[in-house]
Amino acid sequence: MNTKEKLNGNDMPLDERFSMPKQEMKSYDPLPAGVYQVELTDIEMKDGTDFQGNPAQNLSFTFVVIEDGENYGRKLWANASRKFVGGTKPSNLYKIITGILNKQFTKEECASSDEWLTFIFLNDLLGKQNLLAVSQKDKQTGGKKNVIDSILPAKSLLPAYAKAD
């Protein structure tokens, strides 16, 4: 016997036997303020907003701590709009890329960034090692979060990140 319930005049294919498994959100304490050697392991496009609050696709750079110790494998993120130049101060994307490459770009390179700043260029950054100067900042929802203050060149290379299975 099929006894489907109705909600707002529509059949409900699920009944009271349906339940969601209990899931716990993972939360991590922020890393202590300091300098960490990291590897850039991922860059992805994410939906977000621009500086005026308009919908925009932004870039999210994922760095993983690769120095031995209790923080090995911890992740830190840097987010940026796809704006490389313009405005009165350097964009986040400019700061991230100049930090990763330890390179200052000329005015000509900045003006032509739409020609060379491609997905191929960005993908070539993966695997680069740097030092991140990290601090903590209060979250609006309470607690603390990490903030990347600067991206510096690595003094020496460490073994590449080996994700635990």
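## The nonpolar core

In this predicted model, the largest nonpolar core holds 26 residues, and Phe61, Phe63, Phe84, Leu93, Ile97, Ile100 and Leu122 touch the most other members. A nonpolar core here is a set of buried Ala, Val, Leu, Ile, Met, Phe, Trp, Tyr and Cys residues joined through side-chain atoms within 4.5 Å. Buried means under 20% relative accessible area, exposed means over 50%, and partly exposed lies in between (1.4 Å probe, protein chains only). Two or more residues come from each of E3, E4, E5, H1 and E6, and H1 gives the most, with 5 residues. Helices (H or I, at least four residues) and strands (E, at least two) are DSSP runs, numbered from the N terminus. As a general point, nonpolar side chains tend to be buried together in soluble globular proteins.

Let's turn to the helix. H1 is mostly covered, with 7 of its 10 residues buried: Leu93, Tyr94, Ile96, Ile97, Thr98, Gly99 and Ile100. The helix spans residues 92-101 and lies across strand E3 (34-49), E4, E5, strand E6 (129-138) and E7, running at about 130 degrees to E5. For such angles, axes are lines fitted to C-alpha atoms, for helices over the stretch in contact, and angles run from 0 to 180 degrees between N-to-C directions.

Contact means heavy atoms within 4.5 Å. Asn102 has a positive phi of about 55 degrees although it is not a glycine. Most residues other than glycine have a negative phi. With a relative accessible area of 53%, Asn102 is exposed.

## The sheet

Five strands make up an open sheet in the order E5-E4-E3-E6-E7, with antiparallel pairing. Its edge strands are E5 (75-80) and E7 (144-153), each pairing on one side only. Neighbouring strands of this sheet are turned by 40 degrees against each other on average, direction ignored. Two strands count as paired if DSSP finds at least two bridges between them; E4 and E5, which run antiparallel, are joined by 6 bridges. Leu59 stands opposite Ala80 in E5.

## Ser60 in strand E4

Ser60 is found in strand E4 (residues 55-65) and is buried, with a relative accessible area of 2%. A polar contact of 3.0 Å joins the side chains of Ser60 and Asn79. A polar contact is a pair of N or O atoms within 3.5 Å; within protein, one must be able to donate a hydrogen and the other to accept it, and residues adjacent in sequence count only if both atoms are side-chain atoms. Apart from residues up to four places away in sequence, Ser60 touches Asp42, Ile43, Glu44, Lys46, Trp77, Ala78 and Asn79.

## The protein overall

The protein has 4 helices and 7 strands, and along the sequence they follow the pattern β-β-β-β-β-α-α-α-α-β-β. Buried residues make up 26% of its 165 residues. Among contacts between residues at least 6 apart in sequence, 51% join residues at least 24 apart.

## Notes on the model

Residues are numbered from 1 along each chain as its sequence is written, and side-chain values use heavy atoms, with hydrogens and water left out. In this predicted model, local features need pLDDT of at least 70 and side-chain atom pairs count only at pLDDT 80 or more, while totals for chains, interfaces and linings use all residues.
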